[in-house]
Every structure is written in structure tokens, then in C-alpha cells.
Amino acid sequence: MSDVTRLPAELTFRGLRVFVALEEAGSIAGAAQRLGGSSSGVSQHITALEAAIGAKLFDRRAKPVTLTPAGQVLRAHAHRILSVVSEAQAELAEISLTSLPQLNLAIIDDLDASLTPVLVSALQKRFRKCFVYAFSGRSDQIIDRLQTREADIGVTALLPAESTTFQSVPILREAFILLTAKGAIKPGTDPREALARLPFVQYSETMPIGQKVAQHLKRVKLNVPRRYAFEATRSVLAMVVQTGGWTLTTPLNLLDAERFIPMLDVLPLPFAGETRHIHLVARAEELGQLPEALARDCRRILRNVLVPRFEAIVPGFEGAIEVAEDEPQTEA
């Protein structure tokens, strides 16, 4: 928001944005921070808006500032106007995407085989002339690609630090599970004591999942010797089988290495649980309603295919994968 010295005495879209920012922030300084402008600029816009309406909108002496009766009337109209304009901008952005020459996807490794074909097919149905490039890798690599614009849309277990630059749409939450070599923990034994004796096979701590597991084991005060670490789930599970050991992973990672399941026991954690969240991430206000539409496609394949498959293969762990609810679709 740029500062101005002379503002017209009329209702403006910018003025309404400033009005809503001040109403929500409760202070002129807070509103300026939200809008990326200065406190004097906020004050000037509010003064011009009050001049156009012919009444005070805020009691600026209150801490936080409060709406006057005139401000309360304007609030409902302002929110409605801004909502309609936002929808129009999204629809116009969608139209501009029809001529998009290329779209770059980046998808977390353990969902690549399941989701990438679905997303690519959905994109080519919407944009028939668009070339779609798909990358799979770790969550931190996906965030790097989003930040450098090598990816337009990412599916990742990490969120970018710049929350105002990107929008994130929730896809799922999954609980960590304990995997051991078949029969490594005998029925009736204390699983925590057994884990202390068995070889622990870890994900590399250069990876987000490896860092998360290491931090969680530290939180639950389970000290395990560091012997080896791997980046690929297939390697982790192969080593668990080879050594008669154990690891912590997630349902999606287990499905990505499904061939090892007959050689493993899947057990609940004998200590406090941990979860991982997956989001679809895109740059804010650049792709219209496309991110939410693709998120719905992701959730659909998870509900219809991956969750039933996991629950059939690993009975007794219903609810280990929770798919996010779809946002209601607005009517055209």
C-alpha cells in the first residue's frame, strides 16, 4: 500500500481494504503492518473514507480501536464487497491460465506414484495445451523449488517460512507407526524395553522425516544407538528386515514400500504419538482456484484408494490417515 497525500472523498476498494485491516488488527500500526504500508497512510485512508461517508468509523482513542455505529454498518458491506472482488480476481486468474504453456509440479517422494498421475491428468484436462513437468523429492527440496520458482505447485510435509507469499491447502494428517522385523517383539513383553535392545534403523537426519523422528525420540526419552541411516524408505525397511530391528515411519511411507509388509510387524507406538501433515502449496494469488481444485483431486484419490488400501493391508490402524475435508465449492 503506497502512502498518498490527497485522497478522493469517495468509497474506494483500497479504502475498504484499509478499513477491514484496521478492524481486524485493532490498531493503526497493526493495520499498516498487515498492508505493508505506514501508519500515516492508514490514517489518511480512514480519514478519506470517513469524509466520503460523513461519519466517524472508529473510536481511535480506544485500545484496541473500536467501531462506531457507522463502522458497524460498513463492516458487513466491506467484507461482502472484498469477498466478491476476491472471487472475481480468482476467476479471472483461472481464465488467464488457459494459455499457460507449462506448469511445474513437485511432489513428496512417498506420494509420487499415487498422486502424480492423478494431478497431471487433472491439469491436462483443464489446460489441454499445457506441458506439465513433475519432480519428486524430499519436502525441503520441494520448498526450495517453490521459493526459486522451479515449481508452481508442491505437495509437501513442510510449509514455507514466507506465509504471506504462499498459500497452503491441507491434504491429510497421518500418525507415525512402529515397524519391527517379523516376530522381533514377542507377545507379552514390554515393547519399550524390547526396542532398547533391538537395532534401530533411522532415516537420515538430513531429511525432514529423519529430523522429526529424532526429535520425537528425544522428547519421549528413548535413547537408541546411532548405527546407520538411510534416505529411502525401501532401504530403511530392508535394513529392518535384515537386522531384525525396528524403525518409525508413516502409513504413506509404508505403502510406498509395500513389498516389505509380509516381513514386518506393524505396532502402535509404546509412547506418546507423533503426526505428519501434508499440504498442497502454491504461490498466493497466482493460480486462482486451481490449488484448491487440485487439493480436492488429491483428497479424492486418498479417500478412495490409499486409505482403504492401508486399512486392508494393516488392519487395526483405522484412522492412522485422516484426509482433510474439502472446502465447499462456490457456485458459478
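Strand 3 and strand 5 (residues 153-156) run parallel to each other and are joined by 3 bridges, where strands are DSSP runs of E with at least two residues and helices are runs of H or I with at least four, both numbered from the N terminus. Two strands count as paired if DSSP finds at least two bridges between them. Within this pairing, Ile107 lies opposite Val155 of strand 5. The model is predicted, so local features need pLDDT of at least 70 and side-chain atom pairs pLDDT 80 or more, while totals for chains, interfaces and linings use all residues. Residues are numbered from 1 along each chain as its sequence is written, and side-chain values use heavy atoms, without hydrogens and water.

Strand 3 (residues 102-108) has 6 of its 7 residues buried, meaning under 20% relative accessible area with a 1.4 Å probe and protein chains only. Strand 3 also pairs in the parallel sense with strand 4 (residues 131-137), over 7 bridges. Here Leu105 has Ala134 as its bridge partner. From strand 3 the chain passes through helix 5 (residues 109-126) to strand 4 in a right-handed β-α-β crossover; with the strands pointing away from the viewer, such a path over the helix runs clockwise from the first strand to the second.

Turning to the whole sheet, its 6 strands form an open arrangement in the order 4-3-5-12-6-13, with mixed pairing. Strand 4 and strand 13 (321-323) are at the edges with a single partner strand each, so one side of each has no neighbour in the sheet.

Key:
Buried < 20%, exposed > 50% of the residue type's maximum accessible area, 1.4 Å probe, protein only.
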